[in-house]
Amino acid sequence: MSPENTRVAIIGAGPAGLLLSWALRDAGIDSIVVENRSQEYVLARIRAGVLEQSAVETLTRLGLGDRLAAEGLEHDGIYLQFAGERHNIDFNTLIGRTVTVYGQQEVVKDLIKAHTDAGSTIYYEAADVAVHDVESTSPRVTFRHDGEAHEITADFIVGADGFHGVCRASIPPKAITLYDRSYPFAWLGILADVPPSTDELIYALHEDGFAMHSMRSPQVSRLYLQVDTADSIDQWPDERIWEELQTRLGVPGWTLHEGAVTDKSITPMRSFVASRLSYGNLFLTGDAGHIVPPTGAKGLNSAIADVVLLGAALVGHYAGDDAPLAGYGEAALRRQWKVQQFSQSMTEMLHRNPGDLQSAAFDYRSQLGRLDYLTGSLLAQRELAEQYTGLPF
Ligand code: FAD
Ligand code: DHB
């Protein structure tokens, strides 16, 4: 057994865990990160792609902005496409704010490099991770690493271990309520070696379902299709994916360029919020506490927003002020419920409801009405712009 001590033990080396550990280091507060996957696996995981302006500012303030400034693609707005027409929503003109396309994978790569250069303690491939005594003032984390048993005693434990992690599950069921809903469709996402065919992201509602054109760099496109929840990836050979993308994204006079598909996966869509983000000296951040359907590009940004709040609250605690830590859960959830309603409404506005024929036909026309209103109303566009570019952290 190797006993260790630290101020904050962080479970999970996703963006939330790595960023919190980095923000604490910046403030002179020790932490240790425990991750159950390998570093290679964490670096290879392809997920979100859009950073809110406040997320960019946070990463830059913490010294993580060099490659982001050089390689991130700043976007002034998006396109909304429906009924065969494409409409530009220019956030910068509407409210003077922008977003930046920079893959979550790149954020994680920058964080891991910064931690490696600084000599941070991160245990990868930790097995049997468990948290104990979270109601006490000396909670513990136990795990096995390289065949050896480890125990870390800390002032606080932070669950940054995603939706399937162990931290939220360690809160007694009587003390927590889980609010959730699933959606009757899923997203098939591809990465393709082809320059993007668009200057801004395209979100399209088509009779056959939702489609989106995003990107990762001037050479790499990222595209998504609404598919059935029961679909498996084998049912979607590359030719079928491109054909469906051509149909759903096509408008006269525009060409979608195709290229080699280098990654493809299907993701279920879910909304989920835990009723509390703290229990004793355990705090939850990011996907451990809440999940959004990806249509509003809010998952990664919400994780970063939590970390900003929790990091400041922990710094406050060590400076003698416990009020922000006591208020962390409530403040983070208040912001999160606003993000939830935005993500839910974007999702419902842009996906085909596969329900019974009569209600599906009604819903589709009602969605077209909503999109027609939105693209014709500056007030509605300003509201979309404010929420898409991000509420204040
Ligand atoms: P995670 O990134 O999930 O990190 C949690 C970490 O904890 C992981 O490294 C995991 O291995 C580790 N862990 C789990 N259990 C344990 C354990 N028991 N012990 C130790 N470590 C553990 N959002 C968008 O906005 N747009 C998208 O297109 C998008 N696509 C997505 C696609 C997929 C397949 C998924 C799953 C999510 C997607 N998201 C997307 C959401 C976004 O990526 C997440 O919101 C974001 O990753 C949250 O970061 P996090 O650090 O809280 O959690
Ligand atoms: C991406 C993902 C999203 O969920 C979104 O709304 C926009 C872009 C992306 O992966 O690029």
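This is a predicted model: local features need pLDDT of at least 70, side-chain atom pairs count only at pLDDT 80 or more; totals for chains, interfaces and linings use all residues.

I started at Asp128, which is exposed because its relative accessible area is 61%. Asp128 is found in strand 10. I checked its backbone too: phi of Asp128 is near 50°, a positive value in a residue other than glycine. I noted that because most residues other than glycine have a negative phi.

Asp133 sits in the loop between strand 10 and strand 11. At a relative accessible area of 41%, Asp133 is partly exposed.

Then I looked at Glu125, in the loop between strand 9 (122-123) and strand 10 (127-132). I have Glu125 down as exposed, since its relative accessible area is 53%. Which residues gather with Glu125 in a patch of negative charge? I found Glu40, Asp146 and Glu148 there with Glu125, on the surface.

**Salt bridges**

I wanted the charge pairs next. Side chains of opposite charge can pair when their charged atoms come close. How many salt bridges does the count come to? I got 12 salt bridges.

I opened the pair Arg335 and Glu52, whose side chains meet in a salt bridge at 3.5 Å, N to O. Arg335 lies in helix 9 (residues 323-350) and Glu52 in strand 4 (residues 50-52), so this pair ties together parts that are 283 residues apart in sequence. Are Arg335 and Glu52 buried or exposed? I wrote down that both Arg335 and Glu52 are buried.

Arg140 and Glu151 came next, a salt bridge with the closest N and O atoms 2.7 Å apart. Arg140 is partly exposed, as its relative accessible area is 23%.

I also looked up Lys264, which forms a salt bridge with Asp238; the closest N and O atoms are 2.8 Å apart. Lys264 is in strand 18 (residues 260-274) and Asp238 is in helix 7 (residues 238-249), so the pair ties together parts that are 26 residues apart in sequence. Lys264 is partly exposed, with a relative accessible area of 29%. Asp238 is partly exposed as well, at 25%.

I picked Ile202, in strand 15 (residues 201-206). Its relative accessibility is 0%, so Ile202 counts as buried. What is Ile202 in contact with, leaving aside its neighbours within four places in sequence? I listed Tyr79, Gln81, Arg86, Ala211, Met212, His213, Leu249 and Trp254. I also took a distance: the C-alpha atoms of Ile202 and Ile171 are separated by 41 Å, with the two residues 31 apart along the chain.

Ala160 was my other pick, in the loop between strand 13 (156-159) and strand 14 (178-193). Ala160 counts as buried because its relative accessibility is 10%, and buried here means under 20%. Not counting residues up to four places away in sequence, Ala160 touches Ile10, Ile11, Gly12, Ala16, Gly17 and Thr285. From Ala160 to Leu300 I got 12 Å, C-alpha to C-alpha, for residues 140 apart in sequence.

**Two helices**

I went along helix 3 (residues 53-61) and marked Gln53, Ser54, Ala55, Val56, Thr58 and Leu59 as buried. Just after helix 3, Gly63 has a positive phi of about 80°.

My last stop was Gln358, in helix 10 (residues 357-376). Is Gln358 buried or exposed? I noted Gln358 as exposed, because its relative accessibility is 69%. Between the C-alpha atoms of Gln358 and Gly376 I got 27 Å, for residues 18 apart along the chain.

Notes: Residues are numbered from 1 along each chain as its sequence is written. Chains are lettered from A and ligands numbered from 1 in the order in which they are written. Side-chain values use heavy atoms; hydrogens and water are left out. Patches are made of residues with over 30% relative accessible area and no salt bridge: like charges are joined within 9 Å, nonpolar side chains (Val, Leu, Ile, Met, Phe, Trp, Tyr) within 5 Å. Accessible areas come from the Shrake-Rupley method with a 1.4 Å probe; for residues, only the protein chains shown count as cover. A salt bridge is a side-chain nitrogen of Lys or Arg within 4 Å of a carboxyl oxygen of Asp or Glu. Lys and Arg count as positive and Asp and Glu as negative; His and the chain ends are not counted. The place of a charge is taken as NZ of Lys, CZ of Arg, CG of Asp or CD of Glu. Helices (H or I, at least four residues) and strands (E, at least two) are DSSP runs, numbered from the N terminus. Buried means under 20% relative accessible area, exposed over 50%, partly exposed in between (1.4 Å probe, protein chains only). Contact means heavy atoms within 4.5 Å.
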